[in-house]
Amino acid sequence: SSSSGGGGSVPGLPSVPVLGSLLHMRSPLPPHLFFTRLAGRYGPLFSLRAGRNYTLVVSEVGLAREVLLHRGRDFAGRPQMVTTALMTRGGKDIAFADYSPLWKKHRRLVHSSFTLFGEGSSKLQNIVLDAAESLCSDLQACRGQHVDLCPMLMRAVTNVVCRLVFNSSYRPHDPELQQVMDYNDGIVQTIARGGLVDIFPWLQIFPNKDLAKLRECVSIRDKLLTKKLEEHKLTYTPGEPRDLLDALLIGQSGSAGEDDITDDHVLMTAAEAFGAGVETTSTTLLWTIAFLLHHPQVQDRLHAELDEQVGRDRPPALSDRSNLPFLDSALCEVMRIRPVSPILIPHVAMQDTSLGGHAVPKGTRVLVNMWAIHHDPKHWEEPDQFRPDRFLDATGKKIAPPSFLPFGAGPRVCVGESLARMELFLFVSCLLQRFHFSVPAGASLPDLQGRYGVVLQPLRYSVTVTPRH
Ligand code: HEM
């Protein structure tokens with residue numbers, strides 16, 4: 001018997017009761033591994049019902065490209081979920097807002113504001129380099145000791161987003177910076193514990209105390225951001241945006257009409273830069289160091305490449321990126337083997353459409369399993385091995401394999417991709433120029449399985465940091 005519903009011939013999990021029992025295993029695999037296993041049984045496109053929602057799961061790059069690119073417009077919707085509605089004032093953000101003309105305008109504005117501070121000027125590079133410099137002095141101070149990099153990296157990345165969004169730069173122990181980190185962490189933790197229930201309803205029930213905690217953190221967040229927004233309204237100069245809030249305010253005032261970008265939209269965009277930009281980037285940095293501890297010969301090669309191309313007398317710059325193909329490859333390999341977002345944010349069919357030749361009714365949810373795509377043995381030789389060289393051709397030039405989509409693609413591609421790439425490159429090159437990372441005596445190597453919350457993150461580990469001079 002088939003319960004695959006309106007999707008016609010898409011292979012489906014046999015029946016809801018069976019699915020239910022599969023999904024209620026006592027020690028369930030994290031969703032990306034569970035879906036990868038199901039794809040082995042049902043194929044790269046299968047359907048299931050999560051609650052009342054007819055859902056397709058995509059585990060192969062050709063189908064993913066169809067969803068994200070070729071039919072990107074058809075599949076650009078987002079489901080409405082309890083926790084995200086609470087975080088975003090009912091979808092006044094980018095990531096969780098459903099597709100609409102206003103959303104399109106909003107996304108375009110955010111994108112152009114990012115570009116203004118990104119590729120267009122050296123502003124963003126300087127912001128990141130300052131944060132990297134301050135991170136390096138923190139590390140210099142704990143040379144020789146066992147350190148947990150997580151809080152330091154979080155602080156560095158949070159500082160980047162604070163300067164980008166509202167032009168505040170904080171000293172390491174500034175109470176306002178601590179407040180930003182605390183509420184951000186509170187939101188991430190509660191969402192991690194319960195927010196995924198909307199997507200993977202079998203995981204657990206969202207406890208009320210988490211909901212209360214989420215409300216509290218969101219309210220502290222909004223109070224701080226509202227204060228920043230009001231200050232900016234009084235002081236900004238059209239034509240000379242100091243930061244993202246200025247750029248959004250300028251764009252907002254230029255867009256009078258029925259479909260307005262409201263203060264709520266500006267506020268939720270600012271909030272989302274933290275929500276989407278801090279955990280993802282700092283986690284990728286933590287994975288990078290974890291894999292370097294496991295592969296000291298890769299770290300040696302990175303050191304050698306940096307010494308040869310940059311030297312030690314000046315900080316690395318974005319203009320060095322094209323001369324550091326091995327570093328670039330190592331970062332790509334980290335994002336391949338441990339995508340922080342192993343399952344993309346759910347997409348929704350905006351209209352009746354098709355996928356892989358099967359009819360797909362309007363309202364169908366689509367989960368793209370990027371983990372499966374990044375570990376597909378048809379596209380990757382020994383996919384479980386960490387091998388940066390797979391991103392280099394025979395002459396040592398960087399290549400872009402078609403099966404590598406860590407930021408998604410199409411109308412819903414990550415808005416922060418260029419910022420994220422810039423941060424990863426500058427942070428890692430600055431860190432490796434100055435330091436050698438090793439496993440502390442008597443400690444074991446970091447666990448590489450990770451834990452699936454809002455992002456796929458490594459378990460905490462400690463590291464010994466040695467200056468290279
Ligand atoms: C969406 C990856 C950093 C802002 C996404 C998506 C992925 C992703 C996979 C979902 C695409 C989809 O649903 O099809 C990453 C990775 C990052 C990173 C791997 C860092 C290593 C950032 C940063 C920002 C950001 C720094 C902003 C400051 C966003 C936003 C969306 C998004 C706003 C929603 C786009 C939409 O729904 O239209 N990101 N991201 N991300 N990301 Fe990122």
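**Contacts, helix packing and local backbone in a predicted model**

Not counting residues up to four places away in sequence, R78 touches F96, A97, D98, I345, P346 and V348, where two residues are in contact if their C-beta atoms, placed from the backbone, lie within 7 Å. The structure is a predicted model, in which local features need pLDDT of at least 70, side-chain atom pairs count only at pLDDT 80 or more, and totals for chains, interfaces and linings use all residues. Residues are numbered from 1 along each chain as its sequence is written.

R78 itself sits in the loop between α3 (61-70) and α4 (82-87); helices (H or I, at least four residues) and strands (E, at least two) are DSSP runs, numbered from the N terminus. Is R78 buried or exposed? R78 counts as buried because it has 20 C-beta neighbours inside 10 Å. The cut-offs here are 20 or more other C-beta atoms within 10 Å of a residue's own for buried, 12 or fewer for exposed, and anything in between for partly exposed, with C-beta atoms placed from the backbone. Between R78 and P406, which are 328 residues apart along the chain, the C-alpha atoms are separated by 19 Å.

For the chain as a whole, the mean pLDDT is 88, and 89% of the residues reach 70 or more; pLDDT is the predictor's confidence in each residue, from 0 to 100. Over residues 1-7 the pLDDT is below 50, and this stretch has 20 contacts in the model beyond near neighbours in sequence. Residues 15-27 also have a pLDDT below 50, with 11 contacts beyond near neighbours in sequence. Where pLDDT is low, the predicted coordinates should not be read in detail. For the complex, the predictor gives an ipTM of 0.99 and a pTM of 0.93.

The chain contains 15 helices and 11 strands. Of its 469 residues, 45% are buried. Among contacts with a separation of 6 or more, 73% are accounted for by residues 24 or more positions apart.

Helix packing comes next. Two packed helices are described by the angle between their axes and the distance between the axes. For helix α12 (residues 296-309) and α15, the axes come within 9 Å and cross at roughly 90°; axes are lines fitted to C-alpha atoms, for helices over the stretch in contact, and angles run from 0 to 180 degrees between N-to-C directions. By class, the contact of α12 with α15 has three nonpolar, three polar and no charged residues, where Ala, Val, Leu, Ile, Met, Phe, Trp, Tyr, Cys and Pro count as nonpolar, Asp, Glu, Lys and Arg as charged, and the others, Gly among them, as polar.

Helix α11 (residues 263-294) and helix α13 (residues 325-337) have axes that come within 10 Å and cross at roughly 105°, so α11 is roughly perpendicular to α13. On the α11 side the contact is made by T284, W287, T288 and F291, and on the α13 side by L331, V334 and M335. These residues divide into five nonpolar, two polar and no charged.

UniProt, in an unreviewed entry, puts the feature "binding site" at C414; UniProt positions are given in the numbering used here, feature names are shortened, and annotations may be inferred rather than shown by experiment. C414 is found in the loop between α14 (370-374) and α15 (417-434). With 20 other C-beta atoms within 10 Å, C414 is buried. Its contacts, leaving aside neighbours within four places in sequence, are with F407 and G408.

The loop between α14 and α15 is also the place of E382, which has a positive phi of about 40° although it is not a glycine. E382 is exposed, with 9 other C-beta atoms within 10 Å. N167, likewise not a glycine, has a positive phi of about 60°. N167 lies in the loop between α7 (149-166) and α8 (175-194) and is partly exposed, with 17 other C-beta atoms within 10 Å.

Finally, D148 is in the loop between β3 (146-147) and α7. D148 counts as partly exposed because it has 13 C-beta neighbours inside 10 Å. Leaving aside neighbours within four places in sequence, D148 is in contact with R460 and S462. D148 and T190, 42 residues apart in sequence, are 22 Å apart in space, C-alpha to C-alpha.

Methods. Parallel < 35°, antiparallel > 145°, perpendicular 65-115°, else oblique.
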